[in-house]
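Please find below some notes on this model, arranged as numbered points.

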Amino acid sequence: MLGMRKGKVDALLGIVFGDEGKGKIVDYFTPKYDIVARFAGGPNAGHTIMFGGRKFVLRSIPSGILGEAGLNIIGNGCVIAPDLFMAEAKELEDAGYDVRGRLHISKRAHLILPTHRVLDRAYEQAKGKRRVGTTGKGIGPTYSDKASRTGLRMGDALVGFQEKYARLKARHEQILRDLHYTDYDIAEEERQWMKGLEYMLSLDITDTEIEINKALREGKNVLAEGAQGTMLDIDHGTYPYVSSSSTVCGGVCTGLGVAPSSIGEVFGIFKAYSTRVGSGPFPVELTDETGDLIRKTGSEYGAVTGRNRRCGWIDLVALKYAIMVNGVTQLVMMKSDVLDSFETIKACVAYEKDGVRTEDMPFDTEGWHAVYKDIPGWLTDLSRATSEGELPAAFEAYISFLEKELETPITIISVGPDRAQTIVR
Ligand code: GDP
Ligand code: IMO
Ligand code: MG
């Protein structure tokens with residue numbers, strides 16, 4: 001009916017290499033939404049939320065679970081490991097959060113089997129020096145099975161599961177034998193996995209795409225919580241050093257079953273500098289003491305694997321590309337406080353290779369060097385600022401420079417990990 005109020009799906013997307021601070025901002029936004037939904041990825045994600053001295057790291061469960069959102073959804077575009085899911089859910093339940101009543105899981109989400117994780121390790125080993133540096137959670141093999149039409153979905157667990165499971169496991173074991181990767185024992189892991197699956201079956205396994213669209217027709221609003229980041233997207237990232245899902249805005253539509261016309265705001269989240277975990281090209285990488293200082297100050301160690309995150313200055317080439325492919329309408333800048341002590345800050349404004357300069361993301365980012373512009377630092381403790389008026393002029397100048405370059409407003413600034421350390425402009 002014309003003129004009927006219709007809800008929107010706003011998206012909060014990591015627009016670089018992940019770990020931008022999505023968890024914190026989803027949690028901060030949650031009171032404004034009826035539903036918070038994950039649309040891609042699985043336990044390769046690690047989304048940190050801090051408030052009042054408490055810290056939670058969520059992997060598969062949406063970051064809306066700690067706030068007021070009525071319903072949290074794990075959408076069809078996600079992949080789930082039941083054993084890890086159960087551990088995550090129980091931790092939340094032990095901390096007093098209601099998971100059971102507030103979480104729906106799509107029947108169409110794919111299951112990560114223990115053998116998918118073994119395959120992840122086997123493929124990485126076979127790649128040798130060209131390994132992706134995956135999180136080892138079985139993400140690639142699970143999405144491969146999805147695309148090969150051999151995968152198992154949550155809904156498959158509702159009837160006759162053991163036979164389907166045995167068939168897929170046997171297929172994986174054959175591949176592992178072909179790869180001469182036979183030194184693994186998943187017996188205990190498999191027991192936990194089956195327990196986890198049983199636990200999941202006691203939750204609401206539903207047609208989440210129908211629920212979301214019904215909610216939208218009723219005028220309710222949905223927040224789609226991104227995982228990973230645009231540079232790790234299977235199509236638009238630094239392939240083959242990427243994850244295996246659609247992390248971009250288009251992934252919201254396929255990963256939740258919503259129409260492009262339902263998309264409202266697209267929040268692109270990034271850090272005041274750059275990080276990357278795992279292998280692959282990273283033109284802004286600093287392998288010197290400046291990089292070490294950023295890592296130490298920003299506690300840049302992986303939330304999932306504990307690995308050192310590679311650090312560097314902000315990359316405007318990557319950001320412009322991500323803003324373009326996602327249709328970002330507002331930017332959210334995180335971890336501004338980490339740069340407090342730098343006299344000069346650099347921003348990568350172009351890439352250069354063999355005398356060729358480009359401001360457009362190249363097909364192959366390998367071998368390109370960053371071209372920098374220097375920006376004066378603010379040398380002020382930002383972490384205690386509570387409003388825009390308290391921000392130093394040099395910091396405002398950094399923001400204005402970025403907004404001009406990126407042609408998109410920065411509407412939220414984060415100055416510390418706590419929920420409260422968030423400034424809206
Ligand atoms: P996500 O995967 O995008 O949710 O991000 P992660 O949780 O993996 O990494 C972000 C890290 O930065 C977490 O440890 C957060 O607690 C922390 N963090 C978030 N925002 C800020 C900020 O503004 N300043 C500082 N210093 N830390 C932040
Ligand atoms: P969040 O949601 C940062 C990286 C891995 C590896 C590559 C492929 O917390 O931002 P995978 O296990 O997905 O096959 O690994 O992608 N990666 C992430 N890096 N943050 C993440 O998630 C990531 N999820 C995967 O390090 O380089
Ligand atoms: Mg993370």
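How do the residues of the shell around ligand 1 divide into nonpolar, polar and charged?

1. The residues of that shell divide into five nonpolar, seven polar and seven charged, where Ala, Val, Leu, Ile, Met, Phe, Trp, Tyr, Cys and Pro count as nonpolar, Asp, Glu, Lys and Arg as charged, and the others, Gly among them, as polar. This is a predicted model, in which local features need pLDDT of at least 70 and side-chain atom pairs count only at pLDDT 80 or more, while totals for chains, interfaces and linings use all residues. Residues are numbered from 1 along each chain as its sequence is written, chains are lettered from A and ligands numbered from 1 in the order in which they are written, and side-chain values use heavy atoms, with hydrogens and water left out.

2. Around ligand 1 there are 19 residues, of which Gly21, Lys22, Thr48, Asp337 and Ser414 come nearest (a residue is near a molecule if one of its heavy atoms lies within 4 Å of it). Helix H1 and strand S3 each supply at least two residues of this shell; helices (H or I, at least four residues) and strands (E, at least two) are DSSP runs, numbered from the N terminus.

3. Polar side-chain atoms lie beside oxygen atoms of ligand 1 in Ser414 at 2.5 Å, in Asp19 at 2.9 Å and in Arg309 at 3.2 Å. The protein covers 92% of the 580 Å² of accessible area that ligand 1 has on its own, with areas taken from the Shrake-Rupley method and a 1.4 Å probe.

4. The magnesium ion, ligand 3, is coordinated by Asp19 through OD and by Gly46 through O, at 2.1 to 2.2 Å. Donors here are N, O and S atoms within 2.8 Å of the metal (3.2 Å for Na, K and Ca), and because water is not among the atoms, the site may look incomplete. Asp19 lies in the loop between strand S1 (9-14) and helix H1 (22-29), and Gly46 in the loop between strand S2 (35-38) and strand S3 (47-51), so the pair ties together parts that are 27 residues apart in sequence. Asp19 is partly exposed at 22% relative accessibility, whereas Gly46 is buried at 11% (buried means under 20% relative accessible area, exposed over 50%, partly exposed in between, with a 1.4 Å probe and protein chains only).

5. Ligand 2 is surrounded by 21 residues, the closest being Asp19, Lys22, His47, Thr135 and Ser243, and by class its shell has eight nonpolar, 10 polar and three charged residues. Oxygen atoms of ligand 2 lie 2.7 Å from a side-chain N or O atom of His47, and 2.9 Å from a polar backbone atom of Gly46. The protein covers 98% of the 550 Å² of accessible area that ligand 2 has on its own.

6. In helix H4 (residues 139-148), the buried residues are Ile139, Pro141, Thr142, Tyr143 and Asp145. Their cover includes strand S6 (79-80), strand S8 (110-111), helix H3 (114-127) and helix H5 (161-178). Just after H4, Arg149 takes a positive phi of about 65°.

7. His172, in helix H5, is buried at 1% relative accessibility. Its side chain makes polar contacts with the side chains of Thr115 at 2.8 Å and His116 at 3.4 Å; a polar contact is a pair of N or O atoms within 3.5 Å, and within protein one must be able to donate a hydrogen and the other to accept it, while residues adjacent in sequence count only if both atoms are side-chain atoms. Leaving aside neighbours within four places in sequence, His172 is in contact (heavy atoms within 4.5 Å) with Leu113, Thr115, His116, Leu119 and Asp145.
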